[in-house]
Structure formats: C-alpha cells, structure tokens
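Hi,

Here's the structure I promised to pass along. Have a look, and my notes on the helix and strand packing follow below.

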Amino acid sequence: MTGEAQGAERSVRRPTIWLPKSLATRVITFSTIWAILALVVIATVVSTLFREASERGFDSLLSANLFNLVASVGADDGGNLTGTPELGDERYLTPDSGWYWSVEPQTAGLKGDLRSASLQATIPAPSVTEVPFESGFQRRYKATGPNGQSLAVLETEVVLGAPDRIARYRVMGNLDDLNAEISYFNQQLYTYLALFGVGMIAINAAAIWLGLRPLGRVREALQSVREGTAKRLDGTFPAEIEPLANETNALIENNRRILERSRTRVGNLAHSLKTPLAVLTNEGHALGGEKGRLISEQTGAMKQQIDHYLQRARIAAQRESVVFRAPVVPVLERMTRVMAKLNPKIDVAFEHEGGDVVFAGEREDLEEIAGNLLENAMKWGRTQVMVTLADPAPDAADSFVMTVEDDGPGIPEDKAREALKRGRRLDESKPGTGLGLAIVSDLVAEYGGTLRLERSELGGLRAVVQMRKAA
C-alpha cells in the first residue's frame with residue numbers, strides 16, 4: 001500500500017454515535033427503552049393468545065349448541081318439525097340479541113320451521129357453491145343480523161328418517177360481543193401493563209441512581225482536592241470504585257512528592273547561588289572603574305536570569321499538581337483597594353460579570369500577574385484605571401479574561417512586542433526595571449494563557465489576559 005493510500009485510509013473517520021454524557025442517563029435511557037419494548041412484546045403476545053383462546057371458546061360454544069339443537073329437534077309422522085330446544089343461554093330468548101338458532105326444511109318431505117325467540121327475521125344463507133361444507137358436514141360463514149350485528153354462523157344439514165326429509169340446522173353467535181370482550185380485556189391489559197411499566201422504570205431509575213451515587217462522592221472528593229480543601233480522596237467506596245480511588249490517591253501523592261522535590265531543589269539552588277553572587281557584586285563595587293561596573297552589571301544580569309528561570313521551574317512544578325486553586329475576585333478586589341490608597345489621584349475601578357471564578361494556579365502567581373499589570377497602569381495612567389473580569393466566548397468556557405486598562409499614552413502597536421521583552425523599556429523617563437510586563441508574559445505563558453496589548457477606549461494601554469479557570 002502506498003503512502004498516499006495509507007494517508008487516505010487514516011483520514012477516514014468512523015461515524016460517531018451520539019450518546020448522553022451522563023452514565024446514569026445512558027443506563028436509565030437504555031433500560032427504559034428495553035422495558036418499553038419488553039412490555040410491548042408482552043402485551044402483543046398476551047393479547048394475541050387471549051384473542052385466539054376467546055375465538056376457540058366461541059367456536060366451541062357454537063358447536064355445542066349446534067349438537068344440542070340437532071338432538072332436540074326432529075320430525076313427526078306427518079313431516080312436521082317438532083322439538084323445544086333448551087340451549088341454556090338467555091340470549092337465545094332475548095329479541096335481536098345477536099344469538100339465534102333456526103331449523104328450516106330443505107326438502108318437500110318436511111313442513112314448517114323452528115327458530116329461537118330472539119330471531120324475529122330470516123337470516124339469509126349463502127349457497128353451497130359459495131360456502132361448501134367441510135369434512136364434518138358443517139360449514140361456517142358470517143352474516144349480518146337484524147340490527148346490523150356481525151354474526152358467526154355454524155350450519156349443518158340432517159336427514160330425518162327419510163331421504164326426502166332434510167332439515168338445515170343453524171346456530172348464530174354475536175361477533176360484536178366477542179370483539180367487545182376482547183377489547184375490554186386489551187384495555188385492562190394495557191392499563192395494568194402501563195402502570196407496571198411506570199413503576200418498574202421508576203424503581204429501576206432509583207436503583208441506578210443509588211448504585212451510581214458513589215461516583216458522585218468520588219467527583220465531590222476530586223473537586224475538594226482540586227480546590228485545595230482536601231489532599232486525598234477520603235471515604236468508603238464500593239469494591240468496584242475503590243481501586244480507582246486508591247490509584248488516584250497514589251497519583252496525588254506522587255505529584256505532591258514531585259512538587260516538594262522541585263521546591264527543595266529550587267530553594268537549594270537559590271541558596272547556593274545567593275552567596276557567590278553577593279560576593280561578586282561586592283567585589284565589583286569595590287573594584288570600581290570600568291571593570292567593576294562591568295562585573296556589577298553582569299552579576300545583576302545573572303541574578304535576573306536565575307530569578308527568572310527559578311520562577312519558571314517553580315511554576316512548571318506546580319502545574320503538574322492538582323491541588324492549587326485561587327479565587328480571582330477577592331484577589332483583584334484587594335489589589336485594587338491597595339492601589340487606590342497608594343495613588344489617591346487616580347480613580348481605580350473594578351468590574352466583574354457574574355459570580356466568582358477560580359484560577360487554576362497558585363494565588364501568589366495570580367497576585368504577581370495582576371500586581372504587575374496594575375503597577376504598570378498606575379505608573380502610566382493619568383486619572384483613571386479600569387480592571388475588568390469577564391468570561392470569554394462560549395468556545396472557551398474553561399477560561400476567564402482579566403483586563404487592565406488606563407488613560408495614559410499607551411503603546412503603539414508596532415512597539416507592543418518590544419514592551420514584552422525582558423528588561424526592555426520604551427520610555428526611560430519613568431522609573432522601573434522593564435521587567436513588569438515581561439514577568440506577566442512569562443507567568444501567563446507558563447500557565448498556558450495568552451497576553452495581548454491593545455489600545456484602550458480610555459486612550460491608553462489595554463492589557464488582556466486570558467487564562468484557564470478551575471473546573
């Protein structure tokens with residue numbers, strides 16, 4: 001297979017199947033669908049079996065009544081039909097009930113006809129050609145009764161003593177009664193199955209919810225760990241979840257050990273370099289002249305670089321941890337109050353939308369980012385500084401936006417990149433080291449955020465920081 005063919009094969013995506021994100025919703029949805037399908041199948045099977053049993057019982061009743069009728073009606077010596085059938089059903093006595101019987105002569109040797117008290121009119125019969133007799137010399141067909149009832153007719157012909165004495169015996173049953181009985185049974189069946197289904201689904205949902213509650217406790221425990229209010233997953237978990245909790249606690253402990261080792265190494269390195277740098281700095285001052293100045297400048301640059309990379313190492317270590325979280329609103333409120341007291345001539349305002357958000361990092365780093373931006377804005381602003389906290393666009397719901405702007409001279413767009421370089425100062429008339437915006441840029445980058453320098457509507461600089469917030 002060629003490289004192009006392999007690439008084309010890898011580019012083919014499998015169709016995605018939509019599934020709810022909630023495990024409980026998935027299980028309850030699937031179990032509900034299965035319960036509904038099972039109840040529909042049960043209702044169909046039971047309804048079909050009841051209909052078949054009712055129809056067999058109906059046919060058996062007609063057959064028994066027909067045999068009783070044949071046994072009860074005969075012919076006298078004069079060829080007259082005689083007999084008083086007693087079929088044991090009051091419906092044969094009720095006029096137009098849909099339940100009838102009749103005995104009719106079919107040859108000239110018989111006279112008269114007999115019919116039930118319920119039959120007030122003649123029910124026509126189809127010809128033998130249309131509905132032939134079956135093997136038991138019986139035939140079945142449907143007819144319409146006097147009041148429009150749907151009738152099931154069972155018929156036979158009997159020779160009464162002589163070939164010219166043939167009589168037609170018929171019993172008729174009301175199919176509307178049969179269908180009404182089946183409909184009533186189905187209605188009751190569907191009602192009880194529906195009630196049973198609702199109860200079963202409710203009990204099933206409650207059982208699933210109770211069964212998945214330990215997962216909710218795990219989520220709450222992890223949230224406590226993320227917020228820094230707990231250091232491990234505490235509590236008793238089911239046997240299926242306990243290995244997951246144990247592995248998570250082991251991961252948290254391993255991250256904590258990594259962080260402690262990193263901090264220890266950072267502290268040791270800072271302590272080991274502190275004395276040599278101080279000695280070099282003092283020697284530079286003591287030496288004086290051009291060489292002394294060069295030594296002092298280089299040791300100062302070394303100190304800045306060491307501080308910078310130690311800071312990055314500390315942040316990188318803590319980013320691997322899962323326990324650092326800091327609320328944003330209290331930090332910004334406190335820092336704006338402090339800056340307003342230190343600079344009474346400048347109006348410092350803080351606005352935020354909605355509730356508080358939590359920064360996924362250490363509080364000291366958030367304070368350093370906000371403090372450097374505020375210090376820069378207070379230094380260049382004339383009368384007004386605005387701090388804003390807001391949520392970004394919907395496609396970045398896991399982050400927040402902090403904006404610091406002033407009404408100072410601002411920074412030209414072509415100079416914005418220069419302002420972020422370490423030690424670079426665009427205006428030497430103001431005091432400073434040129435490290436503030438560079439430190440902010442480094443810190444934001446270490447946390448995977450972004451920093452933009454724009455023109456503010458107030459006329460000065462607008463610094464926009466977007467960083468990830470805690471879940």
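**Helices on a sheet**

Helix 6 and helix 7 cross in a right-handed way, meaning that the near helix is turned clockwise from the far one by less than a right angle. (Axes are lines fitted to C-alpha atoms, for helices over the stretch in contact; angles run from 0 to 180 degrees between N-to-C directions.) Helices (H or I, at least four residues) and strands (E, at least two) are DSSP runs numbered from the N terminus.

Before going on: this is a predicted model, with local features needing pLDDT of at least 70 and side-chain atom pairs counting only at pLDDT 80 or more, while totals for chains, interfaces and linings use all residues. Residues are numbered from 1 along each chain as its sequence is written, and side-chain values use heavy atoms, leaving out hydrogens and water.

Contact (heavy atoms within 4.5 Å) between the two helices involves, among others, V328, L332 and M339 of helix 6 and L366, A370 and L374 of helix 7.

Now the sheet: 5 strands make an open, mixed one, ordered 9-11-12-14-13. Strands count as paired if DSSP finds at least two bridges between them. Strand 9 (347-352) and strand 13 (450-455) are the edges. Strand 11 (residues 384-390) pairs antiparallel with strand 12 (residues 399-406) over 6 bridges, and L389 has M402 as its bridge partner in strand 12.

Helix 6 lies across strands 9, 11 and 12, at about 170° to strand 9. Helix 7 also packs on the sheet, making about 25° with the direction of strand 12.

Cheers
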